[in-house]
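Work through the two exercises below with the model at hand, and follow each solution step by step.

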Amino acid sequence: MQFHHHGYVSGDPRVQPAAGTGIDRPAELPDEVDVLIVGSGPAGMIAAAQLAQFPNIVTRVVERRGGRLEIGQADGIQARSVETFQAFGFANRIIEEAYRITEMCFWGPDPEHPENIVRTSRAPDDPTGISEFPHLIVNQARVLDYFAEAARNAPARLEPDYGWEFVTLDVAERGEHPVAVALRREGEQRTVRAKYVIGCDGARSRVREAIGRELVGDQANHAWGVMDVLAETDFPDIRTKCAIQSHDGGSILHIPREGNHLFRMYVDLGEVSADDHGKVRETTQEEVEARANRILHPYTLTVKHVGWRSVYEVGHRLADKFDDVPAELVGTRTPRVFITGDACHTHSAKAGQGMNVSIQDGWNIAWKLGHVLDGRAPESLLDTYSAERQVIAQNLIDFDREWSSMMAAKPEELGDPTALADFYVKTAEFPAGLMTRYEPSLITGETAHQGRASGFPIGKRFKSHPVIRVCDANPVHLGHHHRADGRWRIYVFADRPAPGSPSRTADFAEWIITSPQSPVVAHTPEGLDVDAWFDVKVIYQQDHAEFDLGSVPRAFLPKVGPYQCVDYEKVYATDPADDVFDARGIDRDGALVVVRPDHYVSHVLPLEDTDELAAFFDRIMGASSRVAV
């Protein structure tokens, strides 16, 4: 965390100075806004936290509840989400209060006495180290609290407007604020006009309905009772995540909750007839507990307190598009309304994906809207939201359909008694949120030079690695300094020329701050810090003790803030115990790794391929936006 560069800070350094719309922010919902976010769930609140970093954009969040969420239905936090929390500044704090999943136990019928269950295997949660961040369980409400704090502490000082119910919207063909949104509160109805609307209002989304999108898919006709409870039990793995399959009573997915005492159980209620018409949802708590005890036999469960419960049927549904532009008109007009999370994709809760995928939906559209409205990119950038996220949602539904059907299957139907555990281990990267890979597009380059940094696949998230910060010899994680501030990152992995030979790194450093073709020179507006839009970092192959900062090009030691203080935290060296060049397959002749604001690798290039780097950002930001030099 960096502060003091604007003067001495004696208070909470997480509170950024108010700017733009955050200065004297109106308490009342204005008649016109740039972005109206409908719903304060995970997608809505991360979108708010990201857009709050753009203080010149008028963003408001409307929520029909009268205040914050108190009890959330989602609780599983995958590693990719924790990486995201790091970008918003609260990963460590939420890790401290969460339950951490380190392994999963699998239980099945005892071959000798099939009426009883026995532990059949254990599986580590992250056997291959796909992320340095853990898999967590924590109340969804706390996730929203942290995002709300990030939005409130950001320059725009963004807070939800509670009590406003979305009624409908209408999109005009022209006008500066073409989306007319009808809202209602305590009998009062009013219209707010917006440039863009983000619908984050759940599976029964009225925003989705207003733009004519539908959720299409199937119902699995299988019901589950879910309960967050305090209970007395002799089941030995009550504080370990478990998949439990009985001989003839169904299955349980058991998830310990944060705080040591609470736990969640998804209890198999069996097949539902086609003519049930939702009657299964009337299943009582007593019936769910009885079914749980039948599955757990010979162990017993006595519930003492129910924090929350529900009965649901598994459904897999997907919207045909995640914005308001018909497929045949893509590229001919700008999307004005976007849907996220459950508003555009639904699935079972047992893979722990709902909140996690929604978070990435919200971040994806928010930074893009920030760039368009802040003048950093043309409106065509917004077409990439639906193109990117719909594919990911379909992949999720395909995965969840297989996982939920395996959880509902009888042991004999799986054949191999280790099938469920094997599938869990084999697919670990997908539920962790780390299999997402975006296809080539306006913001994702081709793979011609992927071999320069094979461990940073283009289109996948930037996988962090330990390095040594040169200025203070501190071991740090390179990716952890990538905060959700709307900036692009250019990681310069330096070459190591022979003594007296030219250095590609030095040549690039000179180009990036002097050439009219450089994205930093061409696109950073006059009057802003040199790193306001682009964060350029260098990672040297040498040990940090082999050189001093006096030999580092000035491109990597920019002067920032009103006092033009040098930022020393952009210069890194390899950790001798864990060389990032070896670990990430980086060519010893050096490489450029371009990372977009939401952590995904956009391009890999040789150090000398400055023409392609310039052309790449010209395509994104528009050659016409070049700053006069």
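**Exercise 1.** Determine into which domains the protein chain is divided, and describe the interface of domain 2 and domain 3.

*Solution.* An automatic or database assignment, the origin of the bounds, divides the protein chain into domain 1 (30-74 + 82-91 + 138-216 + 317-405), domain 2 (100-134 + 220-314) and domain 3 (450-621). The model is predicted, so that local features need pLDDT of at least 70 and side-chain atom pairs pLDDT 80 or more, while totals for chains, interfaces and linings use all residues. Residues are numbered from 1 along each chain as its sequence is written, and side-chain values use heavy atoms, with hydrogens and water left out.

Next, take the contacts: five residues of domain 2 touch five residues of domain 3, where contact means heavy atoms within 4.5 Å. Then take the area: the two domains bury about 330 Å² between them, 41% of it on carbon and sulfur atoms, buried area being the accessible area (1.4 Å probe) lost on putting two parts together, summed over both. In domain 2, Ile 130, Glu 132 and Phe 133 lose the most area to domain 3, together 84% of what that side buries.

**Exercise 2.** Locate Thr 334 and decide whether Thr 334 is buried or exposed.

*Solution.* Thr 334 lies in the loop between β16 (301-319) and β17 (337-339), strands being DSSP runs of E with at least two residues, numbered from the N terminus. Its relative accessibility is 16%, and the cut-off for buried is under 20% (1.4 Å probe, protein chains only), so Thr 334 counts as buried. Leaving aside neighbours within four places in sequence, Thr 334 is in contact with Tyr 196, Val 325, Glu 379 and Leu 382.

Technical notes. Helices (H or I, at least four residues) and strands (E, at least two) are DSSP runs, numbered from the N terminus. Buried means under 20% relative accessible area, exposed over 50%, partly exposed in between (1.4 Å probe, protein chains only). A salt bridge is a side-chain nitrogen of Lys or Arg within 4 Å of a carboxyl oxygen of Asp or Glu.
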